Structures are given as structure tokens and as C-alpha cells.
Amino acid sequence: MPARPQGPWPAAFVRVRDASAARRRSVDVVVGDAFEVMLADLPGAGYLWTPGDIPPGLTLMDTRRAPPATDVVGSAQSQVVRFRADRAGEYEMVFTFGRPWETVAAETQIVTVRVREHHRRNRDD
């Protein structure tokens, strides 16, 4: 498994490895945290993941492509979508996998985000 992306932010990380089946994933973060959703896609065949409506307690920060794991032309890649948790609550984000010119999604991925107000404190604090 590739290393977790590094950055100047505290990041929760959700990896969706299999775009061939709809699965439910979840992540727990604290208000102010940034987190990433990494989704395997096939951009060479025109298939991309698109986030649906972003819940009001979350902010879409950016979308980028992770470096491919192989040099094989047309192989699967990963799309990384980065969000910030702005408000406590539980949110569902829906991502659809398909080609922009087609009207029906090939797959759907649901990511549940649970946002807490503060980090849990250790008993020794």
C-alpha cells in the first residue's frame, strides 16, 4: 500500500481501492482538520470520480491526481479530493464514477464524515 500523503495539515485519509463495487467508507475528523478522499479511476478511458453536492459543514479545497503506481499507459490512477471540516456533525458525501458525456454513473461511492468539536484528550493531560 502506498504511503499516506504528506502535507502541512492534520489529515484523515480514506482510500477507496476498488471502483468496481459501491462501498460505504467513513472518516472521523475534528473541526478545522483537512482530510482527503482517494479514489481509483480510469482517466485514460474517460472515467472520473465527481463529488456530488458538498454538505454545508465541509469545504472542497482541491482535487488532484496522485502519481500513477505504474508506467503502463491507460492503467488505473488515483484522484485525490481534499476537504476541510468546518462544522461538527455527520455528513454523507456521494461520489459518482463515470464519463462526463454519459448520463448514468457506472458506480457510486458514499463517504460518511463524522466531525467532532475537539480532539479527545488523553487521561494523562
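This tour moves through a predicted model, from an aromatic cluster to a set of salt bridges.

Begin by selecting F35, F83 and F95, which together form one aromatic cluster. Keep F83 selected and turn to F95, where the arrangement is edge-to-face, at 6.3 Å centre to centre and 75 degrees between the planes. Here F83 in strand β6 is linked to F95 in strand β7 (residues 89–98), 12 residues apart. F35 is buried, F83 has a relative accessible area of 0%, and F95 is buried as well, at 1%.

Next come the salt bridges, of which the structure holds five. Select R114 and D28, whose closest N and O atoms are 2.8 Å apart; since R114 lies in strand β8 (residues 107–116) and D28 in strand β2 (residues 24–30), the pair ties together parts 86 residues apart in sequence. Both ends are partly exposed, R114 at 29% relative accessibility and D28 at 44%.

Move on to R64 and E36, a salt bridge with its closest N and O atoms 3.4 Å apart. R64 is partly exposed at 34%, whereas E36 is buried, with a relative accessible area of 2%.

Finally, select D62 and R82, whose side chains meet in a salt bridge at 3.7 Å, N to O. This pair links D62 in strand β5 with R82 in strand β6, 20 residues apart; D62 is partly exposed at 30%, while R82 counts as buried at 14%.

Technical notes
Residues numbered from 1 in each chain as written. Predicted model: local features only at pLDDT ≥ 70, side-chain atom pairs only at ≥ 80, totals over all residues. Heavy atoms only, no water. Buried < 20%, exposed > 50% of the residue type's maximum accessible area, 1.4 Å probe, protein only. Phe/Tyr/Trp six-rings, centres within 6.5 Å; stacked < 30°, edge-to-face > 60°. Helix = DSSP H or I, 4+ residues; strand = E, 2+ residues; numbered from the N terminus. Salt bridge = Lys/Arg side-chain N within 4 Å of Asp/Glu carboxyl O.
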